[in-house]
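Dear colleague,

I am handing over the structure we spoke about, with some notes on what turned up in it. Please have it open while you read.

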Amino acid sequence: MCGIIGYIGDKEANDILIKGLEQLEYRGYDSAGIAIIDNNQIRINKVLGRVQNLKQRKLIGNIGIGHTRWATHGKPSDRNAHPFLDQRNNFVVVHNGIIENYLELKEKLRKEGITFTSDTDSEVIVHLISQNYHGNLKEAVLKTVKELIGSYAFCVIKNDWQELVAARNGSPLVVGLGKDENFLASDVSALVEHTRDVIYVNDFEIVKIKKDQVKIYDFEGNKKDYNIRTIDWDLEQAQKDGYKHFMLKEIFEQPKVVEESIKIKFGLKKEYSRIIIVACGTASYAGLVGKYLIERIARIPVINETASEFRYKDPIINKNDLIIAISQSGETADTLAAIKLAKEKGAKTFGLINVIDSTIAREVDDVVYTRAGPEIGVASTKAFISQLVTLYKLAFYLANKDTESDDQLKRLKPIIIEALSLNESIKKIAEQYYTHSNFLYIGRNLSFPLALEGALKLKEISYIHAEAYPAGELKHGPIALVSEETPTVAICPQDQVYDKTRNNIEEIKARLGKVISIATIGDERIKEISDNIIYIPKVEEIFYPLVITIPLQLLAYHIADLRECDIDKPRNLAKSVTVE
Ligand code: F6R
């Protein structure tokens, strides 16, 4: 999703902005641009495609803003790339989010003689600021935010003004504090190289940044106090460590992540009659595993809701419900909106979040951090396993079985390491299948959410069409897809539904479908009905999802790599989905 960077200080802004944008590349984007003030003139360099392309020109000056765009309104192009200038070239703006009333504003501005240079919703902001400016930039921004409906974080600079001014309503924004220099970004990863001291800007706040001063105001113009936080992220954590892709590095970090996530402690009361889990994508599949676990272990009913659906369906929320948001980024717009809705209805909200101090983490009544560390690959891997571990811990905690379960969970780290040693054999299987255009994934019970996650991993990074079904659903329709050309990944560990899943695999074989089985080591019977077998280590039945995660990720990874896909930045995808 879009990224913002801003700099004011004594250094040349050009390289700082471009480097900052490179740190934001992982969020997913289609175009990039920077604007720098050079002797009271605003200079712009913006391009379709990679941040790298900005390096062909060098702008001069010590105040600037930059942006990576992920198209929402207007196709990816040079013309639609940020930053945007006003008509007199005095103001320049970068924006994340969506201005919902932009058509209305555009119409009004057009009537007043403004000509637009892009098809975006964002451009209205710069023209409004220009119109609202009467000698004070912050005042112009204050007036402008009153006219905007939607979600945004934007930053503006003026050709003859020694300040960055930014506003936030719904999209993340963080100020980085330096010595005689200050920074602004949509994400701390763009700041860690320069400073560890940050201020998180809240919704409905405007921030005014000089090189030696930061002031924050509410949308009425009243000055506000702020807290300086120290972040403990390490830039090295965000490097590839010799792996070909961040995704592979992050897959191999999972034993450590499991070890870390096991340390999570809960302070939550145990009085809830019902739990509703809200999340999106991979996080929602972790949530589905959570449902099976909490219902089975703690016997509390759990409803799983896709956050984007939940927020608009007038959901029934009771005061004694616990609403759990699961999110890696902590910025997902739909998950955030679901939490806000639950709070309005008086329910207790709880977050399982990876990014510390992110918006959802700050919005919920209570939060635990899932401890995966910074996840750079767009496809979620180690964050997923950390969410799973956290949900195991939560289920046992709610059932008052934490102590015994911790011992069981601690035994899992070497098992995850063993599962990772399957890497080379999985690569060989990938070599056999990477040219196929369609895949089916099946699993029953706790393995069903894993089938969903496996199929999602494959489609998002390899662009292969993949569908996941509960194995028992096959004969209600999807079995029509089975043919020699459509392989099935069948998740069939030795659990209580083993024989049932086996029967489904038999049905696929009877229709000449190719089957890659994920089965428990020592399972000889599975050989008769599988074309390939990925043998996973044996664990207690309830823990299979943690082990199965690994081969599913590796299979998707190797297939995508053989297809030479842009694994860490798959097309059309964004790491942090801050618009709905
Ligand atoms: C898939 C993936 C997405 C995210 C989803 C939610 O690999 O990464 O499906 O899981 O966009 O994101 P978070 O967890 O940041 O709320």
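This is a predicted model: local features need pLDDT of at least 70, side-chain atom pairs count only at pLDDT 80 or more; totals for chains, interfaces and linings use all residues.

Residues are numbered from 1 along each chain as its sequence is written, and side-chain values use heavy atoms, with hydrogens and water left out.

The ligand is surrounded by 15 residues, the closest being Ser327, Gln328, Ser329, Thr332 and Glu460, and a residue counts here if one of its heavy atoms lies within 4 Å. Helices α7 (281-298) and α15 (447-462) each contribute at least two residues to this shell; helices (H or I, at least four residues) and strands (E, at least two) are DSSP runs, numbered from the N terminus.

Oxygen atoms of the ligand lie 2.9 Å from a polar backbone atom of Ser380, 3.4 Å from one of Val378, and 2.5 Å from a polar side-chain atom of Glu460. On its own the ligand has 410 Å² of accessible area, of which the protein covers 89% (Shrake-Rupley method, 1.4 Å probe).

Next, helix α3 (residues 123-132), which is mostly covered, with nine of its 10 residues buried. Buried means under 20% relative accessible area, exposed over 50%, and partly exposed in between (1.4 Å probe, protein chains only). Among the buried residues of α3 are Val124, His127 and Asn132, and the elements covering them include β5 (84-85), β6 (91-99), α2 (102-111), α4 (137-147) and β7 (150-158).

Ser261, in helix α6 (residues 254-261), counts as buried because its relative accessibility is 0%. Leaving aside residues up to four places away in sequence, Ser261 touches Thr370, Arg371, Ser386, Val389, Thr390 and Lys393, where contact means heavy atoms within 4.5 Å.

Lys527, by contrast, is in the loop between β24 (515-520) and β25 (532-536), and is partly exposed because its relative accessible area is 43%. Its side chain makes a polar contact of 2.9 Å with that of Glu524 (a pair of N or O atoms within 3.5 Å, one able to donate a hydrogen and the other to accept it). Beyond residues up to four places away in sequence, Lys527 touches Ile533 and Tyr535.

The peptide bond from His82 to Pro83 is cis, with omega near -5 degrees, and Pro83 is in the loop between β4 (63-69) and β5. Asn40 has a positive phi of about 65 degrees although it is not a glycine; Asn40 lies in the loop between β2 (31-38) and β3 (41-48). Glu564, also not a glycine, has a positive phi of about 55 degrees and is found in the segment after α17 (544-562), where Glu564 counts as exposed at 73% relative accessibility.

With best wishes
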